[in-house]
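Welcome, and please open the structure in your viewer.

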Amino acid sequence: MGCIHGKCCSRYPSSSNDDPRDFTEADPYSVQRKHMLAERSLETVLVPSRNFHLEYSALTQRGYYPDSLDKENQDCYSIKTQLQGDPNVHFLGVFDGHGQFGAQCSNFVKDKVVELLSDDPALLDDPEKAFNLAFETTNYELHNNSDIDDSMSGTTAITVLVVGDTLFVANVGDSRAVIAVKDGNQIVAEDLSRDQTPFRRDEYERVKLCGARVLSVDQVEGLKDPDIQSWGNEESEGGDPPRLWVQNGMYPGTAFTRSVGDSTAERIGVVADPEVSKVQLTPNHLFFIVASDGVFEFLSSQTVVNMAARYTDPRDACAAIAGESYKLWLEHESRTDDITIIIVHIKGLNSAIGSADGSSGVNGRSALRKGKGTLEISATTGSEVYRSVRNDFSDLHSCQYHVSTNRSPAIVVPSPTCRRPLEVDVG
């Protein structure tokens, strides 16, 4: 969902082509094909301590912005196997930048988090503590020791650390990790992270204590009662979500409550503290997905898992989901978000390993940790930032938002030889 000063509102260089028709007549689907940057290779890594392996692929798709056809992809991802030289430890993460310098922020955080985890001698003793320290240090370094202006720019991060047959998931922001669980003859989606937005009551109360005003754009403009502090859910109110504002200004307008960077929003409670969860893998866990919110804006976790389960090859699943997400964005809006997805199949996990009752193990994961905010409030104004997003928002306001439950043909067509559904052994 991002920030108001972010993906849809920043001023970016125009196209190098002088023909003005490029902006009004460009085919968004041809733009999509041009700007798809995919790993497109099928990689495998062993986890020898538990005698299974992971098979994975990744894809990142630059968004379509009709007024900024050359705008760079602000998403990025990282897959680092054998962290610290340990064949049983692997890292995966998706980083979704926003704001004028969002691409620089996401790449800085991607590199720094992996570097800090790799150098932490206590990583395997306490992965949760290592994650917290890595994000805290990365946020400090981005603020103070980088050449990046992160006052109104930053990134979200969804990361997974595989340690043997255990997943540690650290989330900052509104990207998401989901795992597919075999339940009888069904495949059920279980969220491994919770989106950190003002829709969550705990996050709402936390940022309010830090001095944030929480209002939708319509409430800021007086079109709706600002005293009504209830916005339903993301599926029903995704078109005009609650956002965070300083007390006496119309900025920063973030629709998330945690991120790395965003030093201005940090003053009203937007923190870089991750929520960390832990999952013990069992043979019922088939695959997991790590993706930016560009994937989940119009697709539910269950829909994404259903689509991924139709392909034995994660490369084709990535392409199908990215294509469907891109298509739905253009059905509802005049642009698309950047879209990034990693799909990891869990292969050969022995039935003797994991929970004895064969349960999914997700319900037994550790409680999500809540971060802390600061109490400093900015007194400067940002009406120009607000006006720039109101113009964009007005284009979206009349659209009907819903979660797709039926798969339409993907824009990116997977290879026919690999379009075999994932088989589930129900015996």
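Start by selecting Phe-287, Ile-289, Val-295, Val-305, Ile-321, Ile-341 and Ile-343: of the 34 residues in the largest nonpolar core, these touch the most other members. Such a core is a set of buried Ala, Val, Leu, Ile, Met, Phe, Trp, Tyr and Cys residues joined through side-chain atoms within 4.5 Å, and buried means under 20% relative accessible area with a 1.4 Å probe, protein chains only. Color β8 (176-183), β9 (186-191), β15 (285-291), α9 (293-296), α10 (301-308), α11 (314-332) and β16 (339-347), each of which supplies at least two residues of this core. Helices (H or I, at least four residues) and strands (E, at least two) are DSSP runs numbered from the N terminus. With ten residues, α11 gives the most.

This is a predicted model, where local features need pLDDT of at least 70, side-chain atom pairs count only at pLDDT 80 or more, and totals for chains, interfaces and linings use all residues. Residues are numbered from 1 along each chain as its sequence is written, and side-chain values use heavy atoms, leaving out hydrogens and water.

Next, zoom in on α10, where six of eight residues are buried: Ser-301, Thr-303, Val-304, Val-305, Met-307 and Ala-308. Leaving aside neighbours within four places in sequence, Val-305 is in contact (heavy atoms within 4.5 Å) with Val-178, Ala-180, Ile-187, Ala-189, Phe-287 and Ile-289.

Now look for a second, separate core of 27 residues, which includes Val-109, Leu-123, Ala-134 and Ala-170.

Conventions: Buried < 20%, exposed > 50% of the residue type's maximum accessible area, 1.4 Å probe, protein only.
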